[in-house]
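Dear colleague,

Please find below the structure that I am handing over to you. My notes on it follow directly after.

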Amino acid sequence: MSSPSFAETASNRSAIDGLQSWGLVRRDSAGIAHVSALKRRDMFFLQGYVHAQDRLFQMDLGRRQASGTLAELLGAELLPSDIELRTIGVRRAAERSFDALSEQTRRDLVAYCDGVNAYVQKHGLPLEYAAIEITNFEPWVPIDSIVIAKALSLSLSFDTEDILRTVTLSQFQASGVANSFDGAALFFQDLYRTAPFDSASTIPDTSSASNVASVPRLSTMASLSTTVEEEKVTERIDLNVARLAGNYLERLQKVSFFSELMADDVARGSNEWAISGRLTKKGHPLLANDPHLGLTTPSIFYPMQIRSLFGINAVGNTIPGTPSIVLGHNRYITWGSTTNPMDVTDVYQETVVPDLSSPSGLSTIFQGQREHIQAISQQYRVNQIGNGKNDDVVVVSGDNIPAVTLIVPRRNQGPIVEFDQATGVALSIQYTGFSATRELDAFIGFNEARNLEDFKHAVSFFDVGSQNFVYSDRRGNIAYFTSAEMPLREDLEAGFINGLPPSFIRNGSGGNEWLPATEPEKNQTLPYAILPAAEMPQVINPKNGWFVNANNDPAGTTLDNNAFNQLRPTGGIYYLNSDYAKGFRAGRITQLIRQYLNTGDNKISFEEMEAIQNDVALLDAQFFVPHILNAMDRASKNGVATELAALAQDNVLLSAVERLRHWNFNTPTGIVEGYDATDSNGELSEPTQREIDESVAATIYSVWRGQVIQHIFGQTLEPLELARPDASLEVVALRNLLENFSVNNGVGASGLNFFSVPSNASAQDRRDIALLQSLTKALELLRGDEFATAFNYSTNLDDYRWGKLHRIVFSSALGEPFSVPSNGTNFPPPLEGLAGIPTDGGFGVVDASSHSAAAQSENDFMYVNGPANRFVSEQNYWRGIRAKSTWPGGTSGEFGNPNYFNLLPNYLTNDRIPLLYRYRDVRKDTQSMTFFYPKYK
């Protein structure tokens with residue numbers, strides 16, 4: 001049966017089998033569905049029905065990717081993804097979670113699933129299924145909804161960095177011994193710094209506060225820095241472990257789900273902040289939130305309102321495939337979130353031995369005793385796309401297709417991901433999300449909350465997928481809460497680190513275990529001891545009147561480049577994580593808030609909240625450009641090295657430096673085809689001369705950035721055959737070198753000189769030569785082959801417009817023509833020969849649109865992650881909540897539907913639309929309406 005026509009979809013009456021009472025779905029002018037029902041059960045039924053109507057294929061992809069059955073839809077290329085996701089066991093964890101949910105949530109889930117299946121039964125499948133020769137649809141079940149939620153949690157909290165750090169540290173140690181430098185110091189102090197680029201920190205920045213429950217007063221153990229960074233790491237990492245870790249990383253890099261987790265941290269995250277009413281122009285609390293996720297077609301979030309008589313009435317973002325509103329507001333409260341990267345994943349080195357008494361024939365050795373490994377049988381199936389046969393899905397097997405998944409019960413039922421039978425060495429993973437968890441209870445609790453206590457109670461059910469929640473309510477409160485269950489490690493609780501810290505692969509034979517839960521916290525599900533809620537970073541109504549989080553360190557524990565030198569009141573080490581975002585976005589948001597509060601009437605308006613969210617200034621440029629200018633100024637002085645003096649005679653270089661000297665660090669596209677926040681409502685305008693000048697400077701600086709970190713770190717590490725870290729870490733490392741140059745002259749803690757050429761020049765001259773030669777190299781690249789399509793070998797600086805480089809494709813899993821932009825649609829590629837849509841933005845900006853800091857060719861500056869939604873709200877006790885929002889796409893995932901990308905133009909120009917909530921506003925803006933009633937047999 002074919003999909004309904006758009007006219008049928010908009011018809012005013014429809015009988016549905018399974019509906020118990022009446023329901024109504026209004027579509028406003030933005031295509032957003034407002035679902036109303038007499039009964040709560042029918043409200044969730046219709047939410048499932050509408051999700052299936054607009055996003056069924058997306059939902060199916062989501063459940064299958066997480067469950068490890070995606071190849072059954074998209075073919076053999078997705079088999080590696082299925083193997084890794086099934087090994088990790090997201091669906092196994094989802095199955096554990098169903099019984100842990102409240103009885104009411106389980107009923108809501110069943111109702112939602114009934115709605116999804118009712119739609120498919122009534123209307124059939126969208127055209128994407130025809131493209132992959134599939135006609136059968138497996139009915140939607142509650143575990144499917146849970147697995148989608150668990151997969152999102154996994155993407156936000158599962159940590160593969162333990163493995164990468166261990167491999168890298170092993171390489172650094174070995175090279176240090178061979179080449180007479182300190183490999184551990186190169187890792188911890190020079191390159192893989194835990195200290196951020198900017199020191200913005202959520203709780204410390206609120207200063208003193210009234211009514212605050214925050215991180216307890218932490219004592220500092222200064223000697224721990226030495227213990228972690230020098231003594232313990234001299235215990236050489238087992239080469240077998242490093243080899244297995246490298247093999248696993250190589251496999252994960254080939255699976256998109258995991259490769260995105262391993263991407264540069266600047267490209268991922270979210271922003272949130274709140275301002276107390278006493279600091280706002282109208283006297284009402286303001287809240288802003290923009291979660292950053294993959295920018296795809298269709299978009300990850302689906303806007304919707306759900307309302308039942310005398311029950312839930314909430315509006316905001318939903319996740320197709322799951323019930324409730326996950327981010328948004330109801331009549332009383334507003335909430336949003338950013339990822340809080342707590343360390344809830346540990347990787348262990350295991351010793352595995354044959355054991356005939358074990359069902360799998362294998363056991364691990366723990367404290368000298370054998371513990372059985374469990375084996376779960378697996379069977380993989382692949383869709384044979386392209387042979388003209390429908391539903392031709394066959395079972396596959398082979399040497400690289402494992403027949404079983406090996407489970408270590410001690411690791412929270414975690415899997416063995418790598419195993420060398422010859423040596424008996426294996427790697428296992430322990431993750432809090434393998435337990436039964438109740439994120440859906442939390443989301444539904446948010447929908448129902450009427451006040452601060454209700455919200456705090458709901459947060460207590462958010463077990464995994466660690467989030468920073470931002471909150472405001474009609475009574476004027478603003479609040480910040482971190483969530484999720486943080487396991488306590490036995491060595492840290494004893495006040496020391498046994499071997500390597502938990503941010504590396506740990507010894508699984510004993511001494512590094514998660515402690516058992518002897519006195520569980522209220523509402524706890526994890527069977528291990530967790531950090532008490534009172535010790536989690538949180539603040540209510542801070543005295544300074546505002547707070548910011550952009551995935552940066554909320555408690556300030558890493559600001560001194562050591563995440564392990566604070567103590568809990570119990571005497572144990574207070575540890576949350578060592579790998580937060582490096583503060584580019586948080587630092588800029590904090591800077592802008594302080595500017596607004598220190599000018600004019602010292603108040604912030606709704607429009608200024610939007611302006612902060614739209615900001616595309618480069619925070620790193622504020623630091624580095626003065627160093628470039630200083631280098632050029634020194635180059636023209638007497639007595640400097642010959643190589644430096646020669647750079648001052650290069651007129652093209654001088655012209656480029658002058659461009660940077662007059663730049664305000666903004667990043668407009670500078671082209672008429674480009675989308676900028678200064679454009680309005682999706683309509684493009686000619687760039688002003690100021691925008692063109694800023695655009696050129698943004699291009700010059702951004703290409704320089706890649707060249708300077710290549711010059712300084714590439715020339716140092718490559719001769720040693722050492723891999724470079726993520727480019728964002730190199731940006732942080734470069735700032736550290738330059739800030740401390742007067743003391744170390746460019747020599748790192750490792751003993752390596754990062755400014756060693758030319759050897760006959762002074763340290764200051766070598767530094768300035770590196771900075772300016774990198775700019776010369778950037779200009780050579782811009783007029784060369786690497787940028788030929790964008791700039792056609794031009795030597796005219798005016799031609800180097802940022803919009804030719806900074807572009808995005810909103811990609812579909814099926815590629816053309818489903819992606820945006822694409823040929824043959826109403827949104828073709830704007831630039832000839834260059835993929836994607838040109839937008840303002842760049843590395844680490846608030847309006848997240850980050851590319852690699854090491855970018856050095858015309859397609860390297862494209863980006864794939866950013867705001868999946870921009871949201872700003874204002875609380876008003878008497879008039880209710882005012883909210884505006886925007887999304888990167890359209891409400892419909894059905895190709896050809898008028899709402900396929902209807903919201904995208906406004907999104908690209910950073911223009912939000914009112915998020916309609918009140919009945920009279922929705923009714924006034926209704927474009928179509930369908931009345932649903934039970935189908936009586």
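The notes below cover helix packing, cavities and a few points of backbone geometry.

This is a predicted model, in which local features need pLDDT of at least 70 and side-chain atom pairs count only at pLDDT 80 or more, while totals for chains, interfaces and linings use all residues. Residues are numbered from 1 along each chain as its sequence is written, and side-chain values use heavy atoms, with hydrogens and water left out.

Helix packing

Helices (H or I, at least four residues) and strands (E, at least two) are DSSP runs, numbered from the N terminus. Axes are lines fitted to C-alpha atoms, for helices over the stretch in contact, and angles run from 0 to 180 degrees between N-to-C directions. Angles under 35 degrees count as roughly parallel, over 145 as roughly antiparallel, 65 to 115 as roughly perpendicular and the rest as oblique.

Helix H2 (residues 40-67) packs on helix H6 (residues 103-123) at an angle of about 50°, and their axes are 7 Å apart. The two helices, H2 and H6, are therefore oblique to each other. Their crossing, that of H2 and H6, is right-handed; a crossing is left-handed if the near helix is turned anticlockwise from the far one by less than a right angle, and right-handed if clockwise. Among the residues in contact (heavy atoms within 4.5 Å) are Phe44, Phe45, Tyr49 and Leu56 in H2, which meet a set in H6 including Ala111, Tyr112, Val116 and Tyr119. By class, the contact of H2 with H6 has twelve nonpolar, seven polar and five charged residues. Here Ala, Val, Leu, Ile, Met, Phe, Trp, Tyr, Cys and Pro count as nonpolar, Asp, Glu, Lys and Arg as charged, and the others, Gly among them, as polar.

Helix H26 (residues 763-782) packs with helix H20 (residues 619-635) at an angle of about 110°, with axes 9 Å apart. That makes H20 roughly perpendicular to H26. The crossing of H20 and H26 is left-handed. The residues of H20 that meet H26 include His627, Ile628, Met632 and Arg634, and those of H26 include Asp765, Arg767, Asp768 and Leu771. In this contact of H20 with H26 there are seven nonpolar, three polar and four charged residues.

H26 also meets helix H22 (residues 651-661): their axes come within 10 Å and cross at roughly 100°. H22 and H26 are therefore roughly perpendicular to each other. Val652, Leu653, Ala656, Val657 and Leu660 of H22 make the contact with Leu772, Leu775, Thr776 and Leu779 of H26. The contact of H22 with H26 divides into eight nonpolar residues, one polar and no charged.

Cavities

On a 1 Å grid over the protein atoms alone, a cavity is a set of points where a 1.4 Å probe fits but cannot get out, and lining residues have an atom within 4 Å of a point. Grid points are joined across faces, edges and corners, and a volume is the space filled by probe spheres set on the points.

A search of the whole structure finds eight cavities of 30 Å³ or more. The largest cavity has a volume of about 210 Å³. Its lining has 21 residues, of which Leu152, Leu156, Ser337, Phe443 and Gln467 lie nearest the centre of the largest cavity. Helix H8 (142-157) and strand S10 (333-339) are among the elements that give two or more residues to this lining, and H8 gives the most, with four residues. The lining of the largest cavity divides into twelve nonpolar, eight polar and one charged.

The second largest cavity holds about 90 Å³ of space. It is lined by 13 residues, and Thr839, Asp847, Tyr863, Arg870 and Tyr907 are the closest to its centre. The lining of the second largest cavity has seven nonpolar, three polar and three charged residues.

Backbone geometry

Thr297 and Pro298 are joined by a cis peptide bond, with omega about -5°. Pro298 lies in the loop between S6 and strand S7 (302-308). A cis peptide bond also joins Val757 and Pro758, with omega about -5°; Pro758 is in the loop between helix H25 (741-744) and H26.

With kind regards

Terms used. 1 Å grid on protein atoms, 1.4 Å probe; cavity = no way out; pocket = protein on both sides within 12 Å on 5 of 7 lines; lining within 4 Å.
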